[in-house]
Amino acid sequence: MKRPVFKRFGEFPRLPAAFWLLVTCLAASLLFMLYQGGKLASMLFITMSFLTVYLLSGNWSGIKRVQGTRKLTNTGLEAKLEAGQSLQIQIGLQLPGYWPVPYVMIKDQLIRQNGDEALFEGSIVPDWKRRGEFTYSTPPLRRGYYRFGETECLTEDIFGFFQHKGRLDLQQPITVYPQTVAIREWAQFHQMLKGMQHHSTVTSAHRETTQINGVREYIYGDRLSRIHWNATAKTGTWKSKEFERESLPKTIILLDRTARAYRDNAEFELAVSVAASLFRYGTGREMSLGLLSIGKEFTYFEPKHSQHHYKEIVKHLVGVDADGYQSLGQILKERSQEWPAGSLIVLISPQKGSAMLQMFQQMALLQMKPCHIWIHAQDNHSFGTPGVEHLPTHEDYIKAIRSQGYMGYEVSQLTDLPNLLGGAKRYA
């Protein structure tokens with residue numbers, strides 16, 4: 001915290017050395033004219049007077065009252081983009097006044113939620129209307145919330161004696177969402193609903209209720225009791241009643257945010273992207289999805305299906321960090337008592353081993369269907385033949401999961417997720 005600076009009564013602000021040099025030269029030329037006289041002394045004094053007026057009037061150059069706008073050229077009005085994308089930013093400046101400005105140096109700041117700052121610098125030459133535009137691109141951005149700091153504008157006189165600064169406060173929030181991938185089908189999940197593994201689930205999943213959800217076109221074979229006579233009379237075409245279906249089994253996605261479990265930040269970003277991709281898929285399929293985010297302070301969202309619910313979860317995923325230190329098994333043991341039987345529990349975590357298998361067995365005893373999406377980012381620092389030394393261990397863990405009837409997938413990069421869930425690259 002900075003200490004307040006108190007000025008003594010009558011104390012003048014400190015002036016730059018260039019100011020005193022200019023005053024000294026002007027005073028010397030004045031004394032030279034008074035004591036020496038003549039045309040040379042007079043011309044020297046007149047020249048120094050004009051030069052002094054020009055240099056000192058730069059304090060009213062208009063740069064302190066600069067006006068400007070910031071425009072994001074590659075995003076919409078809400079400034080939404082995914083991790084790994086860049087921003088293209090255009091700053092327009094308008095300088096009031098008449099003092100000639102040869103150029104303007106611009107410094108712009110982009111600040112992330114954790115305090116990281118990125119500084120962007122450039123220069124413009126104003127046109128005859130004292131306007132100019134500064135355009136730049138950011139490097140690929142990480143997931144998170146961003147804001148712009150103060151934009152600093154700086155100019156100098158043609159001799160470089162004095163600098164004049166102005167500031168612009170062009171606040172604009174930026175949200176960088178987790179990177180996602182489109183999942184076409186989750187084969188094993190739908191096979192489970194069809195009864196290949198849990199036949200009792202499918203009857204409740206697809207049984208219609210008596211609650212009318214709307215009106216649809218008549219399909220040949222519909223019973224007379226399904227015909228919506230009022231809609232048929234109004235439109236002149238056959239219409240049938242559309243009934244709501246009972247909800248699919250509730251799916252709860254568990255995001256492990258234990259700090260010591262992840263090797264680096266890239267592996268945690270992969271886990272967040274997998275979770276965001278699953279929510280994107282589930283929302284499009286009208287699945288009731290919930291989230292248990294296990295970190296320093298774990299957050300729980302009840303399984304629901306609505307756009308507002310989806311936005312709240314994605315908003316949470318934007319700002320999460322790998323800051324957890326609590327035992328994953330203990331938290332699940334406490335929380336699993338509250339979940340309804342038949343729920344699908346999807347764990348996204350880089351942890352593996354007998355402790356995880358034991359945790360899945362406890363879930364199975366509570367009539368839940370566990371699924372482990374094992375995050376294992378590709379190791380670029382392996383020695384020897386890439387993948388040969390570590391691959392058998394990875395296969396053994398996935399085999400151990402599936403041998404007990406649980407779903408298990410190894411995800412090393414986000415682009416593999418659609419093929420893995422679609423049924424490709426399955427271990428025997």
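User: Taking buried as under 20% relative accessible area, exposed as over 50% and partly exposed in between (1.4 Å probe, protein chains only), how many residues of E17 are buried?

Analyst: Seven of the seven residues of E17 are buried, and the strand is mostly covered. Residues are numbered from 1 along each chain as its sequence is written, and side-chain values use heavy atoms, without hydrogens or water. This is a predicted model, in which local features need pLDDT of at least 70 and side-chain atom pairs count only at pLDDT 80 or more, while totals for chains, interfaces and linings use all residues.

User: Which residues of E17 point which way?

Analyst: Lys369, Cys371, Ile373 and Ile375 point one way from E17. Pro370, His372 and Trp374 point the other way, and every one of these residues is buried.

User: How many helices and strands does the chain have?

Analyst: The chain has eleven helices and 18 strands.

User: What share of the chain is buried?

Analyst: Of the 428 residues in the chain, 43% are buried. Contacts (heavy atoms within 4.5 Å) give a further view of the chain. Among those between residues at least 6 apart in sequence, 71% join residues at least 24 apart.

User: Back to E17. What is the strand order of the open sheet of six strands?

Analyst: The order is E15-E14-E13-E16-E17-E18, with mixed pairing; two strands pair if DSSP finds at least two bridges between them. Strand E15 (299-304) and strand E18 (407-411) stand at the edges, and each has a single partner strand, so one side of each lacks a neighbour in the sheet. On average, neighbouring strands are turned by 15° against each other, direction ignored.

User: How do E16 and E17 run, parallel or antiparallel?

Analyst: They run parallel, and six bridges join strand E16 (residues 344-349) to E17. Within this pair, Ile348 stands opposite Ile373 in E17, and Ile373 is one of the buried residues listed above.

User: And how many bridges join E13 to E14?

Analyst: Six bridges join strand E13 (residues 251-256) to strand E14 (residues 289-294), and these strands also run parallel. The bridge partner of Thr251 in E14 is Leu289.

User: Is Thr251 buried or exposed?

Analyst: Thr251, which lies in strand E13, has a relative accessibility of 1% and therefore counts as buried.

User: What is Thr251 in contact with?

Analyst: With neighbours within four places in sequence left aside, Thr251 is in contact with Phe189, Met287, Ser288, Leu289, Gly290, Pro303, Leu344 and Val346.

User: Which strands does H7 lie across?

Analyst: H7 lies across E13, E14 and E15, and runs at about 155° to E15. Axes here are lines fitted to C-alpha atoms, for helices over the stretch in contact, and angles run from 0 to 180 degrees between N-to-C directions.

User: At what angle do H6 and H7 pack?

Analyst: Helix H6 (residues 265-284) and helix H7 (residues 307-319) pack at about 175°, and their axes are 11 Å apart. H6 and H7 are therefore roughly antiparallel to each other; that label applies over 145 degrees, with under 35 roughly parallel, 65 to 115 roughly perpendicular and the rest oblique. From H6 the contact is made by Val272, Ala275, Ala276, Phe279, Arg280 and Thr283. From H7 it is made by Gln307, Tyr310, Ile313 and Leu317.

User: Changing topic: what is the order of the open sheet of three strands?

Analyst: Its order is E1-E3-E6, with antiparallel pairing. Strand E1 (67-72) and E6 are the edge strands with a single partner each, so one side of each is left without a neighbour in the sheet. The twist averages 15° from one strand to the next. Six bridges join E1 to strand E3 (residues 88-94), and Gly68 stands opposite Leu93 in E3.

User: Backbone check: what is the phi of Arg130, and what is that of Gln367?

Analyst: Most residues other than glycine have a negative phi. Arg130, which is not a glycine, has a positive phi of about 60°. Gln367, also not a glycine, has a positive phi of about 65°.

User: Where do Arg130 and Gln367 lie?

Analyst: Arg130 lies in the loop between strand E5 (117-124) and strand E6 (131-137), and is buried at a relative accessible area of 14%. Gln367 lies in the loop between helix H9 (354-365) and strand E17 (369-375), and is exposed at 53%.

Technical notes:
Helix = DSSP H or I, 4+ residues; strand = E, 2+ residues; numbered from the N terminus.
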